[in-house]
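Student: I would like a close look at a single part of this model. Please take me through it in one connected account.

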Amino acid sequence: MTTGDRDWIVTAIEPSSFEGARADGFLGSQRLSSGAGFQAIASADPAFDREAFLKRVESAFDALQTAWQARDLEAARGFMSPGLYFAWSAQVDQLKEQHRKNVLEGLRIDGLLPVGVVHGRVFDDVMVQIDATCADYEIDETTGRIAFGDKRPEPFAEYWTFQRGVGVATTGKPGTLEKQCPNCGAPLNVNAVGECTYCKAAVTSGKFDWVLSRIEQPEDVAL
Ligand SMILES: [Zn+2]
């Protein structure tokens, strides 16, 4: 696994119109390379550790890809921003309606590369390039046959952006990405509006711990 840094050209993350409500949080934000961005985060949160953060990214990647293949996002919902969760839910519903199952056979992470940080007044956004390999195909459940893709393993890359409120401190304890409530410590179950079912903390808001807010393909990201 490689975990180097790369400078990032910031045009990729101009807020687009559908993120209108969120854009306010980025007023006065600084768009930084990952090295400078991690320094900015660590200056406000001394316990923040780059390698520990990337380990957490890895576990979130595994958990969400497993949930996606099972067509049941509940196990990953606690660390997904509401917008991301609803977009993925719609795709899961579509697969179910079409009686298709997406299989990511032999999925493995080849490298994690932080590519940029938006250090805002309200939120920090960290974008990580995830290089991985798998055979990606869809099974038609009515015939048992492959309806899309094939069983040849192919490398691919995705850009996952994690968001956390400015001023939130790293605790070193398990949190959203480990599916534990960062507020009360209970196993993380969230209600329809993304609150912990035990303590009602709005854990998917990013105001307690990192949440996954965007997943983009290479063609959507200008590096
Ligand atoms: Zn809780």
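**The zinc site and its surroundings in the chain**

Tutor: In this predicted model, strand 3 (residues 123-140) and strand 4 (residues 145-149) run antiparallel to one another and are joined by four bridges. Across this pairing, Ile139 faces Ile146 in strand 4. Four residues separate the strands in this hairpin, and among the hairpin residues Gly144 adopts a positive phi near 75°.

The zinc ion is held by four protein donors, namely the SG atoms of Cys181, Cys184, Cys196 and Cys199, which lie 2.3 Å from the ion. The angles subtended by the four donor atoms run from 108 to 111°, and the arrangement is therefore tetrahedral. Along the sequence, the donor residues follow the spacing C-x2-C-x11-C-x2-C. Within this set, Cys184 and Cys196 are twelve residues apart and link distant parts of the chain, each being placed in the loop between strand 5 (154-165) and strand 6 (211-216). Cys184 has 39% relative accessibility and so counts as partly exposed, whereas Cys196, at 0%, counts as buried.

Aromatic contacts may be considered next. The whole structure contains nine aromatic pairs. One of them joins Phe38 and Phe48 in a tilted arrangement, with 5.4 Å from centre to centre and 35° between the planes. Phe38 belongs to helix 2 (residues 34-44), while Phe48 lies ten residues away in the loop between helix 2 and helix 3 (50-69). Both Phe38 and Phe48 are buried.

Note on methods
Residues numbered from 1 in each chain as written. Predicted model: local features only at pLDDT ≥ 70, side-chain atom pairs only at ≥ 80, totals over all residues. Heavy atoms only, no water. Donors = N, O, S within 2.8 Å, 3.2 Å for Na, K, Ca; no water. Tetrahedral: all angles 85-135°; square planar, octahedral: opposite > 155°, others 65-115°. Helix = DSSP H or I, 4+ residues; strand = E, 2+ residues; numbered from the N terminus. Buried < 20%, exposed > 50% of the residue type's maximum accessible area, 1.4 Å probe, protein only. Pairing = 2+ DSSP bridges. Phe/Tyr/Trp six-rings, centres within 6.5 Å; stacked < 30°, edge-to-face > 60°.
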